[in-house]
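Morning, everyone. I'd like to walk you through one structure today. Let me put it up.

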Amino acid sequence: MKAYQQVANQIRLVIEEGSLNPGDALPSERQTAERYSVSRSTVRRAWRELESMGYIAWADQSSPTVVGPSAWPQKVERSAMGRVSSTSQPGFLSDLMQAAVSPARYNFEIGMPDPDLLPVADFQRIMHELFSYPSRDVFGYSPTSGLNRVRQALREEYLARRQFDPALDQILVTAGSLQGLNLLTRLWVNPGDVIVTENPTFAGALHVFRAYGAHIVGIPIDGEGLQVDLLDAVVRRGPRPKFLYIQPIAQNPTGVSLSPARRRLLLEWASESRLPIIEDDAYGFLSGSPPLAATPGSRVVYLNTLSKILSPGIRVGLLVAPPDLIRQLVSLKQLSDLHTSTLSQLVAEGWLRMGDVDTHISRARAIYASRLKTALKVLEMTRVLSPFTKSGLGFYLFARLETETSTNFLHQEGSRQDVLFAPGEPFGAGPADFRQWIRIAVGAQPTAQIETGLRRLARMVEHHR
Ligand SMILES: Cc1ncc(COP(=O)(O)O)c(C=O)c1O
């Protein structure tokens, strides 16, 4: 047994015998090194061993504390600085999806499409038809890259609408776009690598990047989107980033889109600097403009999803990249998920081929625009919540509390009073922080609910100022 394993074993026995209990801090690195007559680097390795066995964890950067023994082994991702990164996730995320099934009356927490836009009758018809297919075609396994007929429908009925026409072998069908982002990060990012993002940005993306130990550099956005002129300094100043992650249209959480001038600047800059871009186009259907990835010669990997336009529950997304990259991602996808649900893919294809996508998109645009307008009007009257922008698109309002109220407290109070929203902090990529901000998702709430729910929220803010 190596020295570090011996030290880890001895500390483990001390914990198992109960001389050290959950919550107790371990003696310092120096004290431990003296006690077992080993070097400090041996102590660090021993601690890592204990951490991966689920016995200890770091509450901060200094000495670890006892947490175990735990029932399951822990997978520990580390940044270059040796800090645990897999536990530094925004706390609310673990509960976030629970809010999707909450019976709360005013649910502004989750970014979901309007349930009334879900074409239930069409789904019924499509499903009915699917049952007349040979069962293996619907309920059997299918290729990891996605069924060809589905990739074709995505290309012809969805991407082509935005003047984007990738080849079939450039398309990977994913179980939602977050899976695509996860696969790319897993493929490209080592602990300590730099990723550049908008700030604020989608908390789920930051969650993925942090889990792989990335160092995130946030670039501020304003009413025209990412402040592209700040990118150059970031790329020159430090280690070269792996990629830029951006949502050019109706970005989550602010609703801001990249202006045409900034878009041109970004494409020019990206071509000069040769920095790859991951374009997350989850809300792209709200605009008619082509995605960045449609620009010939651009180094853009493209993510999209049917979650926001159709249904998040069917879990169908897509990723567009050069074929050799797709092959690597297919191999990674196979590690945890042999393929995206065959049934879901066929339902998605059925809907795309029905010929009603344009009508659906125009209805969706009109509904979300009117909901945002209503929400903005309410906020204007309340004066305790100021929106990031008054000209955003999509599902969300990002708003600053004009009081000292703690958003975490407000979140708890909101759960008691049937008003759910997302605290702003997890959307922060630093250095600016968004502790006094909240994200209000209005996409799935009818107008009357928005009016009464947001007034109730404003009263809570005033009451706890
Ligand atoms: C910008 C953005 N990307 C990706 C996702 C995740 O979507 P999916 O359901 O396709 O994984 C979301 C969901 O909120 C989002 O807002």
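This is a predicted model: local features need pLDDT of at least 70, side-chain atom pairs count only at pLDDT 80 or more; totals for chains, interfaces and linings use all residues.

Start with the shell around the ligand: it divides into 4 nonpolar, 6 polar and 3 charged residues.

Which residues come nearest to the ligand? Of the 13 around it, they are Ser177, Asp280, Tyr283, Thr305 and Ser307.

Asp280 uses its side chain, with a polar atom 2.7 Å from a ligand nitrogen. Arg315 also brings in a side-chain N or O atom, 2.7 Å from an oxygen of the ligand. As for cover, the ligand taken alone exposes 400 Å², and the protein buries 91% of that.

Stay with Arg315. Its phi is near 55°, a positive value in a residue other than glycine. Arg315 sits in the loop between strands S10 (300–305) and S11 (317–320).

Arg274 is another case. Phi there is near 60°, again positive and again not glycine. The residue lies in the loop between H11 and strand S9 (277–280). Arg274 is partly exposed too, with a relative accessible area of 49%.

Next, the peptide bonds. Asn199 to Pro200 is cis, omega near 5°. Pro200 is in the loop between strand S5 (194–199) and helix H9 (203–211). Asn252 and Pro253 are also joined by a cis bond, with omega about 20°. Pro253 falls in the loop between strand S8 (243–246) and helix H11 (260–273).

Why point these out? Because most residues other than glycine have a negative phi, and most peptide bonds are trans.

Conventions: Residues are numbered from 1 along each chain as its sequence is written. Side-chain values use heavy atoms; hydrogens and water are left out. A residue is near a molecule or strand if one of its heavy atoms lies within 4 Å of it. A polar contact is a pair of N or O atoms within 3.5 Å; within protein, one must be able to donate a hydrogen and the other to accept it, and residues adjacent in sequence count only if both atoms are side-chain atoms. Accessible areas come from the Shrake-Rupley method with a 1.4 Å probe; for residues, only the protein chains shown count as cover. Ala, Val, Leu, Ile, Met, Phe, Trp, Tyr, Cys and Pro count as nonpolar, Asp, Glu, Lys and Arg as charged, and the others, Gly among them, as polar. Helices (H or I, at least four residues) and strands (E, at least two) are DSSP runs, numbered from the N terminus. Buried means under 20% relative accessible area, exposed over 50%, partly exposed in between (1.4 Å probe, protein chains only).
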